[in-house]
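I opened a new notebook page for this structure. My entries follow in the order in which I looked things up.

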Amino acid sequence: MPKLGESITEAAIITWFKNVGDTIEEDEMLLEVATDKVDSEVPSNVSGIVEDILFEANEVIKIGETIAIIESNGEVVKTKSKSQRQTLKTESEKPKQKNAGNKPKIDIPQSTEKFSVSNSNTFFSPLIISIAKKHHISYEELARIPATGKEGRLRKSDVFRYIDNGRPYKFAQPITQDPTAYRIPQLSFDKGAGKIIEMDRMRQMIADHMVYSKHTSPHVTAYVEADLTNMVNWRNKNKKAFQDKYDEKLTFTPLFVEAVAKAVKDFPNINASVDGNNIIVKEAINIGMATALPSGNLIVPVVKNADTKNLLELAKDVNALANKARENSLQADDIKGSTFTISNVGTFGSVMGTPIINQPEVAILALGIIKKRPEVIETDKGDEITIRSMMYLSLSFDHRVVDGFLGGSFVRRVADYFEQFDINRTI
């Protein structure tokens, strides 16, 4: 495997252009490889017959490792000089000249609501995956891009051509052969007239992140109702004493974070992310708090290692992060590393919400408004109607890796911790 760049230490074989027994000429292309920077075709440095191919497509090979043996009629194979290799490398890295006559075009349908293009070859090189992540293109969308590589391989040029054409299959639905199946109607919407407000950079990033999350994770939402009367009464009774003693506000948020962290410890698989076919269960429990900035944009500051902190430490972290958010002074480390996110939609008066997962996490919890309602409860005297402080909790989870049992059990456990709050707890 030849050297492909100063910082490149390995490459993945995309495809072999020759088979064992084939004749090859010097400088004729032997194989195509992919790195995290570029796809490259590797030429033979000798004429002869391919005697053996030591690695198969999709395997990752270290630079300098022997990948094939070529019988060259007993002649000594001379390695190309450094200057020749550098010239070859420079040529391979030059952008290909645009040729309108030869450039393949994507056949964009009149309506992009449905598509019939798909790649049967679902192996994507590190370079393709890197480009996809940068442009928030899901694996599902990658599979829709017309591929021009050998054996249906998706090439870098295919992806950039697709992006240049406006990503026509971004929201497309597959064409079904069933004539009775529902198809999205081809509608032309009147977007109306009015004041045009250009999205700022943060709003664009939020929009991309939300769309990417919905296209990546199949969202399922589970709901439970919790009686927060004990928690509300305790907080109302102790909030002034807490501030007098510690000079910190006692809001509901640190109490929520505390209960959620305990539930995450009970169900660690909810504290995870997905990497291809692997599930990464995180050791740290870092609780993100979806927060509105003064601009109206959304940001998620993070309470690190929430399961290891007492109520005072949680209150300090929550208050500090909230103040930074209000002052637009959050640092990069403040919004990094969350493993599970909560969104208090009750702050805006919402009864409940259906939150979108904060990628790459696998679940997010929305907390509705705490509202007093008449409820039937069991007492020593039997069933009675009394006024209770109630809240709806809604958990959206990634159904690729979180099933209904785990999602439902987790959100129920959070509600249990809310309801079982110790009214006699000391500060």
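I began with P360, which is found in the loop between β17 (340-343) and β18 (363-367). Helices (H or I, at least four residues) and strands (E, at least two) are DSSP runs, numbered from the N terminus.

I noted the ground rules next. Residues are numbered from 1 along each chain as its sequence is written, and side-chain values use heavy atoms, with hydrogens and water left out. The model is predicted, so local features need pLDDT of at least 70 and side-chain atom pairs count only at pLDDT 80 or more, while totals for chains, interfaces and linings use all residues.

**Backbone**

I then turned to R167, in the loop between α4 (156-164) and β9 (173-174). R167 has a positive phi of about 50 degrees, although it is not a glycine. I wrote a reminder beside it: most residues other than glycine have a negative phi, and most peptide bonds are trans.

**Helix α2 with α4**

I checked α2 (residues 126-134) against α4: their axes come within 9 Å and cross at roughly 20 degrees. Axes are lines fitted to C-alpha atoms, for helices over the stretch in contact, and angles run from 0 to 180 degrees between N-to-C directions. The two helices are therefore roughly parallel. For the word I used these cut-offs: under 35 degrees is roughly parallel, over 145 roughly antiparallel, 65 to 115 roughly perpendicular and the rest oblique.

I listed the contact (heavy atoms within 4.5 Å). L127, I128 and I131 of α2 meet K156, V159, F160 and I163 of α4. By class, this contact has six nonpolar, no polar and one charged residues. Ala, Val, Leu, Ile, Met, Phe, Trp, Tyr, Cys and Pro count as nonpolar, Asp, Glu, Lys and Arg as charged, and the others, Gly among them, as polar.

**Helix α6 with α8**

I moved on to α6 (residues 229-246) and α8 (residues 311-326), whose axes come within 13 Å and cross at roughly 80 degrees. That makes α6 roughly perpendicular to α8. W234, F242 and Y246 of α6 touch L311, L312 and A315 of α8. I sorted this contact into six nonpolar, no polar and no charged residues.

**Helix α7 with α9**

I found the axes of α7 (residues 253-266) and α9 (residues 404-419) within 9 Å, crossing at roughly 135 degrees. The pair is therefore oblique. In the contact I noted residues including F256 and A259 of α7, and F410 and F418 of α9. The contact of α7 with α9 has nine nonpolar, no polar and three charged residues.

**Rings**

I looked for aromatic pairs, meaning rings of Phe, Tyr and Trp (its six-membered ring) with centres within 6.5 Å. The count comes to five aromatic pairs. Ring pairs link F252, F256 and F418 into a cluster.

Last, I looked for charges over rings (NZ of Lys or CZ of Arg within 6 Å of the ring centre and within 35 degrees of the ring normal). The charged end of R235 sits over the ring of F252, 4.8 Å from its centre. The charged end of R425 sits over the ring of W234, 5.9 Å from its centre.

Conventions: Rings of Phe, Tyr and Trp (its six-membered ring) pair if their centres lie within 6.5 Å; planes under 30 degrees apart count as stacked, over 60 as edge-to-face and the rest as tilted.
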